[in-house]
Amino acid sequence: MTSNRATQTGGRMVRPYTMTGGRTGAGQRPLALEALVAMTPAGMRMRSRFRWEAAEIVAHTRSETAIIELAALLDVPVGVVRVLVADLQEQGAVKVTDPVTEPFADDDAAYTDLLHKVLDGLNAL
Amino acid sequence: MPSERTGLTPVKIVVAGGFGVGKTTFVGAISEIEPLRSEAIITEASSGVDELFPEGSKTETTVAMDFGRISLKHDLVLYLFGTPGQERFHFMWDELARGAIGAVALVDTRRIEACFPAIDFFERRGTPFVVAVNTFHGHRLHTAEQVREALLIGPEVPIAFCDARVRVDVQRVLVAVVEHTLKRVMSGAVAS
């Protein structure tokens, strides 16, 4: 069921804050779990500059990948991914697509269109 | 932090219910990826998800979230999130529900009370939800009206029966969720 290394080996060897240089990402509005992260052309060019988890994140975002997926793929807590992605975003290496519901919250017509699209997609599965 | 819009739009539906009711099975029946498990580090007393090391806290623990993904269109992807079942993790539900287009309250009629917290939560929050009775034990023991009475939910909340292992059943429940949300949006009563 779970492929987490931590559960197989009884714990990871590096404590999470080590990966983020001690930062917790507190104080900023956290990226949504389903926000999509994609490597930019700049990120592609500078990818050899990144190390460890940041390099893994960049490698996994050649196609758009959600924050929550990155956490599962890298087997690190969501908070670590959020901090690292925010850094990569600041450096222009990745771009982040927020979930669409919030900007649309005040726009019923656009939201209704989106819901119809979701419905069509589900019915066509 | 400005975000640019790229080609793909993410949406999500939350699947809640008591511990062991079949949330992971439900997600796995329709997800195009194996349901994945992701961790957040929290403290027992924490009120937010994933502040990695809240000041002064010594009792950090991890909580697992199951999720799945369904590509709906070339530019639209649906994420399904199973809520952590244990009561001490209920504070996480708010983050999971934020921005969700709707929710499923999964019910096992043998332990009907296990879904009360989920129903209370979605009602309080104003998140549109559908009650899905998991019949994976083979028998439909109750009618929709009996379930409605037992759960004390109003006539506006749709009730569906599904086998959480069966893809088409899960698909039907998700369709019901989106239809219900559409109805609520049209009538002007939706929280996001």
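Begin by colouring chain A by pLDDT: this is a predicted model, and the average pLDDT of chain A is 80, with 71% of its residues scoring at least 70. Next, select strand β1 (residues 36–39) of chain A, which has the highest mean pLDDT among the elements of that chain, 95. Helix α1 (residues 5–9) of chain A has the lowest, with a mean of 41.

Now select two helices of chain A: α5 (residues 67–74) and α6 (residues 78–90). A pair of packed helices is described by the angle and the distance between the two axes. The axes of α5(A) and α6(A) come within 9 Å and cross at roughly 115°. Angles of 65 to 115 degrees count as roughly perpendicular, and therefore α5(A) is roughly perpendicular to α6(A). The crossing of α5(A) past α6(A) is right-handed.

Show the side chains where these helices meet. On α5(A), select Ile67(A), Ile68(A), Leu70(A), Ala71(A) and Leu74(A); on α6(A), their counterparts are Val78(A), Val81(A), Arg82(A) and Val85(A). The residues of this contact comprise 8 nonpolar, no polar and 1 charged.

Finally, move to chain B and display it as a cartoon. Chain B contains 5 helices and 7 strands. Traced from the N terminus, the elements of chain B follow the order β-α-β-β-β-α-β-α-β-α-β-α. Chain B has 192 residues, of which 45% count as buried. Of the contacts in chain B between residues at least 6 apart in sequence, 70% join residues at least 24 apart.

Methods: Residues numbered from 1 in each chain as written. Chains lettered and ligands numbered in written order. Helix = DSSP H or I, 4+ residues; strand = E, 2+ residues; numbered from the N terminus. Buried ≥ 20, exposed ≤ 12 C-beta atoms within 10 Å, placed from the backbone. Contact = placed C-beta atoms within 7 Å. Axes fitted to C-alpha atoms, helices over the stretch in contact; angles between N-to-C directions. Parallel < 35°, antiparallel > 145°, perpendicular 65-115°, else oblique. Left-handed = near helix turned anticlockwise from the far one by under 90°. Nonpolar A, V, L, I, M, F, W, Y, C, P; charged D, E, K, R; others polar. pLDDT = per-residue confidence, 0-100.
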